[in-house]
Amino acid sequence: KVLALELHDKEKLFKLQRDTVDYLGDKYISFFSCDQMLEFVDKRSGKGNAVTFVCEHFGISPNDAYAAGDAENDLSMLAAVGHSIAIKNATDEVKAIAATITEKTNDEGGLTDILLQLSKDKF
């Protein structure tokens with residue numbers, strides 16, 4: 001994993017991302033985990049592959065798994081599970097693929113609320 005940080009000018013990170021596409025080829029991906037941080041990782045790593053591995057390890061179908069996210073680095077994880085949750089303050093890309101969007105942001109306990117709701121519904 002490589003992190004590129006730029007605190008004041010996100011366009012510099014966009015330029016770096018564009019400029020490295022050909023160099024990195026199809027073996028690596030890049031994404032923003034927040035406005036100031038661009039991450040580069042091996043395409044085989046990432047949250048999507050991790051959640052798939054954990055599901056296989058425990059004999060759980062990814063279709064029965066839940067995942068919640070708010071940033072671009074969560075997209076592969078949300079796509080890998082059957083029940084995807086976007087936190088209210090998530091990026092538009094995350095909200096676009098999520099099955100559920102919380103009513104509260106991260107700072108307001110959005111994840112806690114949805115987990116409590118799910119536990120009441122399921123148990």
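This is a predicted model: local features need pLDDT of at least 70, side-chain atom pairs count only at pLDDT 80 or more; totals for chains, interfaces and linings use all residues.
Me: What share of the residues is buried?
Reply: Buried residues make up 29% of the 123 in the protein. A residue counts as buried when its relative accessible area is under 20%.

Me: What are the spans along the principal axes?
Reply: The C-alpha trace of the protein spans about 50 × 35 × 20 Å.

Me: How many helices and strands are there?
Reply: There are 5 helices and 6 strands. Along the sequence they follow the pattern β-α-β-β-α-β-α-β-α-β-α.

Me: Start with strand 1. What is the strand order in its open sheet?
Reply: The order is 1-3-2, and the pairing is antiparallel.

Me: How many bridges join strand 1 to strand 3?
Reply: Strand 1 and strand 3 (residues 37-42) are joined by 4 bridges and run antiparallel. Within strand 3, Leu38 is the residue opposite Ala4.

Me: What holds strands of a sheet together in general?
Reply: Strands pair through backbone hydrogen bonds, in either a parallel or an antiparallel way.

Me: How many bridges does strand 5 have with strand 4, and how many with strand 6?
Reply: Strand 4 and strand 5 (residues 83-86) are joined by 4 bridges, while strand 5 and strand 6 pair over 2. In strand 5, Ser84 stands opposite Ala67, and Ala86 stands opposite Ile101 in strand 6.

Me: Which residues of strand 4 are on the covered face?
Reply: In strand 4 (residues 66-69), Ala67 and Gly69 form the covered face, and Tyr66 and Ala68 form the uncovered one.

Me: Different topic. Where is Lys104?
Reply: Lys104 sits in the loop between strand 6 and helix 5. Its relative accessible area is 34%, so Lys104 is partly exposed.

Me: What is Lys104 in contact with, leaving aside neighbours within four places in sequence?
Reply: Its contacts are Ile87, Lys88, Gly110 and Asp113. Lys12 is another matter: its C-alpha is 32 Å from that of Lys104, and the two are 92 residues apart in sequence.

Me: And where is Thr112?
Reply: Thr112 is in helix 5 (residues 110-122). From Thr112 to Ala96, 16 residues away along the chain, the C-alpha separation is 21 Å.

Me: How many positive and negative side chains does the protein have?
Reply: It has 14 positive and 21 negative side chains, and the centres of the two sets lie 1 Å apart.

Me: Last one: among contacts between residues at least 6 apart in sequence, what share joins residues at least 24 apart?
Reply: That share is 30% for this protein.

How values were computed:
Residues are numbered from 1 along each chain as its sequence is written. Side-chain values use heavy atoms; hydrogens and water are left out. Buried means under 20% relative accessible area, exposed over 50%, partly exposed in between (1.4 Å probe, protein chains only). Contact means heavy atoms within 4.5 Å. Lys and Arg count as positive and Asp and Glu as negative; His and the chain ends are not counted. The place of a charge is taken as NZ of Lys, CZ of Arg, CG of Asp or CD of Glu. Two strands pair if DSSP finds at least two bridges between them.
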